[in-house]
Amino acid sequence: MDVFKNSHKPFDLLPDEMVVNTLSFIDADTLLDCRLVCKRWRELIDAYVFQEKASRENEFVNNGRGYYSFSQVESSSIRKLELPWYVFYVICKYDPFNRNLVKNHCGQNEYKHWERYDHSLWIIEQTPQGSPLLPDDPDFDGHTSCFVSSFRLCSKSQRIIFKNYGLNDTVMKTLQPEISVSEWYNSRFDCGCKYVLRATVFDGNGELIEQHNYNDVLPQWGDNIWTKASHSFKNQSNASYLILYHSGVDTQFWAGHYGTKISGSVVKILLPIKFKCAAEA
């Protein structure tokens, strides 16, 4: 009987550093179960394992580019970030920060993920016609296409639910992150247009927290350059989802699709960067 009573002791005798290193190779969801094994494991996982896992995996995820969430942090500094264990868990599983959460943001997949309020009025140009090509900017991820409106008002929207990316109420209240919204638009060289961007942040009960409205009118024979509209929502502790809406129409009312060109829609949740003090690190 003594053999069975003491069967767990060899692993218990391993130093903390070895336990942390071993557990850091386990997948993120299984680590949640490991937290329930014993007090020692829970304390090590919460204090060290998830950040060790995130730091090591940052060297090879996304084809060696690292986690999007750590794009503003040196790999050697990840262990020094002052973040609770569950934020590291969310990063390991979803990598939701500092990356675009808008799907099909350039029309590269036709109208997938967008709710159109006028199905027959939009078209997609594989490269912009009557205007310059899309700028050389990371917002486009190498895509060349854009949505184009017509002589009638065209509008569509996309709802981005934060909990789908692991950003639940606890994470949002802890981090109170900044939400960055941006989009590019232009007109043809020979036809003016109107452009509207509206970004609205809601809480879990569907109550409006904050809204940003942006409008512009591009004149006929204008500069014909791509313009970026952008806005940041600060300290979003209660945000549950965001609706990105835009619309466009040409000002000459020409038959066909000579209206507003829209591409490169971006919504990002920015990871707040705060490092531990020297004694904690």
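This is a predicted model: local features need pLDDT of at least 70, side-chain atom pairs count only at pLDDT 80 or more; totals for chains, interfaces and linings use all residues.
## Helix α5 and its two partners

On the α3 side the contact is made by Asp16, Val19, Val20 and Leu23, which meet Arg40, Trp41, Leu44, Ile45, Tyr48, Val49 and Glu52 of α5. Sorted by class, the contact of α3 with α5 holds eight nonpolar and three charged residues, and no polar ones.

Helix α5, residues 39–57, also packs with helix α6, residues 85–94, here at an angle of about 30° and with the axes 8 Å apart. That angle makes α5 roughly parallel to α6, and the crossing of α5 and α6 is left-handed. From α5, the residues Ile45, Asp46, Phe50, Gln51, Lys53, Ala54 and Glu57 meet Trp85, Phe88, Tyr89 and Cys92 of α6. The residues of this contact of α5 with α6 comprise seven nonpolar, one polar and three charged. Ile45 is listed in the contact of α5 with α3 and is listed again in the contact of α5 with α6.

Just after α6 comes Asp95, with a positive phi of about 45°, in the loop between α6 and β1 (115–116). Most residues other than glycine have a negative phi. With a relative accessible area of 8%, Asp95 counts as buried, because the cut-off for that class is under 20%.

## The loop between α5 and α6

Two residues of the loop between α5 and α6 can be described individually, and one of them is Asn62. The phi of Asn62 is near 55°, a positive value in a residue other than glycine, and its relative accessible area of 27% makes Asn62 partly exposed.

Lys80 also lies in the loop between α5 and α6, and with a relative accessible area of 41% Lys80 is partly exposed. Lys80 and Glu125 are 45 residues apart in sequence, and their C-alpha atoms are 46 Å apart in space.

In soluble globular proteins, nonpolar side chains tend to be buried together. The largest nonpolar core of this model has 61 residues, of which Phe70, Phe97, Phe162, Ile179, Leu242 and Leu244 touch the most other members. Helix α6 gives this core its largest share, seven residues.

Leu242, one of those residues with the most core contacts, touches Gln158, Arg159, Ile160, Phe162, Ile179, Val181, Thr200, Val201, Phe233 and Val267 when residues up to four places away in sequence are not counted. A second, separate core has seven residues, including Cys106, Leu134, Cys146 and Val148.

Ala199 lies in strand β6, residues 193–202, and is buried, with a relative accessible area of 1%. Not counting residues up to four places away in sequence, Ala199 touches Val181, Glu210, Gln211, His212, Phe233, Ile243 and Leu244. Among these contacts of Ala199 are Val181 and Phe233, which are also listed among the residues that Leu242 touches. Along the chain Ala199 and Lys268 are 69 residues apart, and their C-alpha atoms are separated by 12 Å.

Ser155 is found in strand β4, residues 154–161, and is likewise buried, with a relative accessible area of 8%. Leaving aside neighbours within four places in sequence, Ser155 is in contact with Glu115, Arg116, Tyr117, Asp118, Trp122, Tyr245, His246 and Ser247.

Note on methods: Residues are numbered from 1 along each chain as its sequence is written. Side-chain values use heavy atoms; hydrogens and water are left out. Axes are lines fitted to C-alpha atoms, for helices over the stretch in contact, and angles run from 0 to 180 degrees between N-to-C directions. Helices (H or I, at least four residues) and strands (E, at least two) are DSSP runs, numbered from the N terminus. Angles under 35 degrees count as roughly parallel, over 145 as roughly antiparallel, 65 to 115 as roughly perpendicular and the rest as oblique. A crossing is left-handed if the near helix is turned anticlockwise from the far one by less than a right angle, and right-handed if clockwise. Contact means heavy atoms within 4.5 Å. Ala, Val, Leu, Ile, Met, Phe, Trp, Tyr, Cys and Pro count as nonpolar, Asp, Glu, Lys and Arg as charged, and the others, Gly among them, as polar. Buried means under 20% relative accessible area, exposed over 50%, partly exposed in between (1.4 Å probe, protein chains only). A nonpolar core is a set of buried Ala, Val, Leu, Ile, Met, Phe, Trp, Tyr and Cys residues joined through side-chain atoms within 4.5 Å.
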